[in-house]
Amino acid sequence: MSVNVRLPTIMRSAAGGMSEVAAEGSTVGEVVDDLVRQFPGTSTHLRAPDGGVHRFVNVYVNDEDVRYTGKLDTPVKGGDTVTILPAVAGGAS
Amino acid sequence: MGDRPSTRLELRHRHWLEIVAHAWDGAPDEACGLLVGSGTRVEVFVPCRNADRSSRTFSIGPDGWRAADEAVEAGEGRSVIGVVHSHTHTEAYPSPTDVAQAANPMLAGWHWALVSLRPPAPVLRSYLVTDGNIVEEPVVLVGR
């Protein structure tokens, strides 16, 4: 099924300048795989050496952080919006 | 992934006020925001929600990024050039957590600005964090 993948400005150069692309998959992992297939340049940002998603990338399905909903196994359905963002975090602790 | 900085962060006075006000509004949690501009110059401070809702950590979620991207697209030659967050009870200096997060290669060259709310008065400082090395850069006010 097709979902919308939304990319922030900081990542768009790796996806032909597009802010939103259609990708196929029934899980977040499959959607990421399809995105990398379509835009190999995104692999640098998205892929960890072990083949998973880079630890500095956060993925959201309809604004829900997949770290709390099953990570790459999180299911998606047609029309969902998957947002991929560079992790921006820190803090005093 | 953002412009390479030189060794300063240029802000308008109103940005300084907006950043400190946002830090106070977010207390006791840490507050955070993104810096949109070009190179060393901030054109827009984008206050963000702290997705962690924590007094010890912060993270920026899709809502903050959407707001920043709107600011990027509203001006010529803009990009996200840095991040600001508050330390509510410690000095305005990158913590080990900050340094670990600054290793994100997509954030290479970003300005890491920190606001300390520790009494007696708010302090805003900025740093470049590269390969674990912390280098302070001057914060320069360039008009209102």
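Q: How many of the residues in chain B are buried?
A: Burial is read from how many other C-beta atoms surround a residue, with 20 or more within 10 Å as the cut-off. In chain B, buried residues make up 44% of the 144 residues. The model is a predicted one.

Q: What radius of gyration does chain B have, and what would a compact globule have?
A: The idea is to set the value against a rule for a globule with that number of residues. For 144 residues the rule gives a radius of gyration near 15 Å, and chain B has 14 Å, so the two agree. The box filled by the C-alpha atoms of chain B, taken along the principal axes, is roughly 35 × 30 × 30 Å.

Q: What secondary structure elements does chain B have, and in which order?
A: Chain B has three helices and nine strands. Starting at the N terminus, the order is β-α-β-β-β-α-β-α-β-β-β-β.

Q: Which residues of α1(B) are buried?
A: They are B:His15, B:Ile19, B:His22, B:Ala23 and B:Gly26. Because these residues cover an arc of only 100 degrees around the axis, they lie on the same side of α1(B).

Q: Which exposed residues does the face turned away from the buried side of α1(B) carry?
A: That face carries B:His13, B:Arg14 and B:Asp25.

Q: What covers the buried residues of α1(B)?
A: The cover includes these strands of chain B: β1 (9-11), β2 (32-38), β3 (41-48), β5 (79-87), β6 (111-116) and β7 (123-130).

Q: Which residues in the largest nonpolar core touch the most other members?
A: A core of this kind is a set of buried nonpolar residues joined through their C-beta atoms. The largest one has 61 residues, and those touching the most other members are A:Val31, A:Val82, A:Ile84, B:Leu34, B:Leu35 and B:Val36. β3(B) gives the most to this core, with five residues.

Q: Which residues is A:Val31 in contact with, leaving aside its neighbours within four places in sequence?
A: With those neighbours set aside, A:Val31 is in contact with A:Val3, A:Val5, A:Ala23, A:Gly25, A:Val76 and A:Val82.

Q: Where is the peptide bond from B:Ala27 to B:Pro28 placed, and what is its omega?
A: Omega is the value to read here. The bond from B:Ala27 to B:Pro28 is cis, with omega near 10 degrees. B:Pro28 sits in the loop between α1 and β2 of chain B. Another cis peptide bond joins B:Pro119 and B:Pro120, with omega about 15 degrees. B:Pro120 belongs to the loop between β6 and β7 of chain B.

Q: What is phi of A:Asp63, and is A:Asp63 buried or exposed?
A: Phi of A:Asp63 is near 70 degrees, a positive value. A:Asp63 lies in the loop between β3 (57-61) and β4 (64-65) of chain A. It is exposed, with 11 other C-beta atoms within 10 Å.

Q: What is phi of B:Asp131, and where is this residue?
A: Phi of B:Asp131 is near 50 degrees, also positive in a residue other than glycine. B:Asp131 is in the loop between β7 and β8 (133-137) of chain B. With 8 other C-beta atoms within 10 Å, B:Asp131 is exposed.

Q: How many residues does the contact take from chain A and from chain B?
A: The size of an interface is often given as the accessible area lost when the parts come together. Counted in residues, the contact takes 17 from chain A and 26 from chain B. On the side of chain A that touches chain B, β5(A) gives the most, with three residues. By class, that side has 10 nonpolar, six polar and one charged residues.

Key
Residues are numbered from 1 along each chain as its sequence is written. Chains are lettered from A and ligands numbered from 1 in the order in which they are written. This is a predicted model: local features need pLDDT of at least 70, side-chain atom pairs count only at pLDDT 80 or more; totals for chains, interfaces and linings use all residues. Helices (H or I, at least four residues) and strands (E, at least two) are DSSP runs, numbered from the N terminus. The radius of gyration is taken over C-alpha atoms; the globule rule is 2.2 Å times the number of residues to the power 0.38. A residue is buried if 20 or more other C-beta atoms lie within 10 Å of its own, exposed if 12 or fewer, and partly exposed in between; C-beta atoms are placed from the backbone. The arc is that of the directions from the helix axis to the C-beta atoms. Two residues are in contact if their C-beta atoms, placed from the backbone, lie within 7 Å. A nonpolar core is a set of buried Ala, Val, Leu, Ile, Met, Phe, Trp, Tyr and Cys residues joined through C-beta atoms within 7 Å. Ala, Val, Leu, Ile, Met, Phe, Trp, Tyr, Cys and Pro count as nonpolar, Asp, Glu, Lys and Arg as charged, and the others, Gly among them, as polar.
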